Each structure stands twice: as C-alpha cells, then as structure tokens.
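Colleague: I am new to this structure and would like to know what stands behind the labels. Please show it first.

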Amino acid sequence: MTDASEPPLRRLTEREKVLRAFVRDGRLVSIPAKPKKRELLLSFILEQSFPEDRGYEEREVNQRLGLLHPDVAALRRYLVDAGLMTREAGIYRRSTPPAPLPADDGG
C-alpha cells in the first residue's frame, strides 16, 4: 500500500535507462553494441564533451572524448555518422546547436 502523500512513480525513459546502464561517475563503462542504445547515448556525449558551438581540432576532440571512454576513434565516428558533428579539414564542429540555457526570470 502506498502513502497518498507520495507522488506516483514515473517510468524511466529509454534514454534514462541507457544512461543508467552505460554511464558511471560521468564515464562510459562500455559502448553499447546495439545501434539504438548507442544513438541514445550520443546526445549525452555531445553535450558533455562539446558544449560550445565552435570548431574543435581532432587532438582536442580526442582529449575530450578520452575523459568519457578510451575508444575515442569509435566515439568520433559515431558522432559524425549520426550527424551530430561534422568533420572538415580536420576540424570537428557540432551539427546541432547547444541546448539553450534556461531563461533568467529576473527573480
């Protein structure tokens, strides 16, 4: 029996389930083999590693991705293949703008 004062439990989204399964202490414990699960992680990787909308040299991309997982080449490839980043002349850039910051309501 549940206490009426407790809010009802909500189900986790697929993305939340995948993050819970594959991310520990802000690092990827492994890269999912299933493309659908991997794609759910890519937006997390993009936001964690590349918050600014600017060009990143490959060396910096590798350093940033290395903080999440040692297989930086795979992560780079997945981000580009998914269309979340572009690569031109060795410079990587977000394809999608960063999520907007919450508006300041003046309060």
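The questions below ask how each label is reached.

Modeller: This is a predicted model, in which local features need pLDDT of at least 70, side-chain atom pairs count only at pLDDT 80 or more, and totals for chains, interfaces and linings use all residues. Residues are numbered from 1 along each chain as its sequence is written, and side-chain values use heavy atoms, with hydrogens and water left out.

Colleague: What makes a stretch a helix or a strand?

Modeller: Helices (H or I, at least four residues) and strands (E, at least two) are DSSP runs, numbered from the N terminus. The chain has 4 helices and 5 strands, in the order α-β-β-α-β-α-α-β-β from the N terminus.

Colleague: Why is Arg 76 called buried?

Modeller: Buried means under 20% relative accessible area, exposed over 50%, and partly exposed in between, with a 1.4 Å probe and protein chains only. Arg 76 has a relative accessible area of 17%, so Arg 76 is buried. Arg 76 lies in helix H4 (residues 72-81). Contact means heavy atoms within 4.5 Å; leaving aside neighbours within four places in sequence, Arg 76 is in contact with Glu 58, Val 61, Asn 62, Leu 65 and Tyr 92.

Colleague: How do you know that the buried residues of H1 line one face of the helix?

Modeller: In helix H1 (residues 14-22) the buried residues are Val 18, Leu 19 and Phe 22. Seen down the axis of H1, they fall within an arc of 100°, so they line one face. The arc is that of the directions from the helix axis to the C-beta atoms. Their cover includes strand S1 (23-24), strand S2 (27-28) and helix H2 (35-49).

Colleague: What makes S4 and S5 a pair?

Modeller: Two strands pair if DSSP finds at least two bridges between them. S4 and strand S5 (residues 91-94) have 4 bridges, in the antiparallel sense, so they pair. Glu 88 stands opposite Ile 91 in S5.

Colleague: Which strands are the edge strands of the open sheet?

Modeller: The open sheet of 3 strands has the order S3-S5-S4, with antiparallel pairing. Strand S3 (55-57) and strand S4 (85-88) are the edge strands, since each pairs on one side only.
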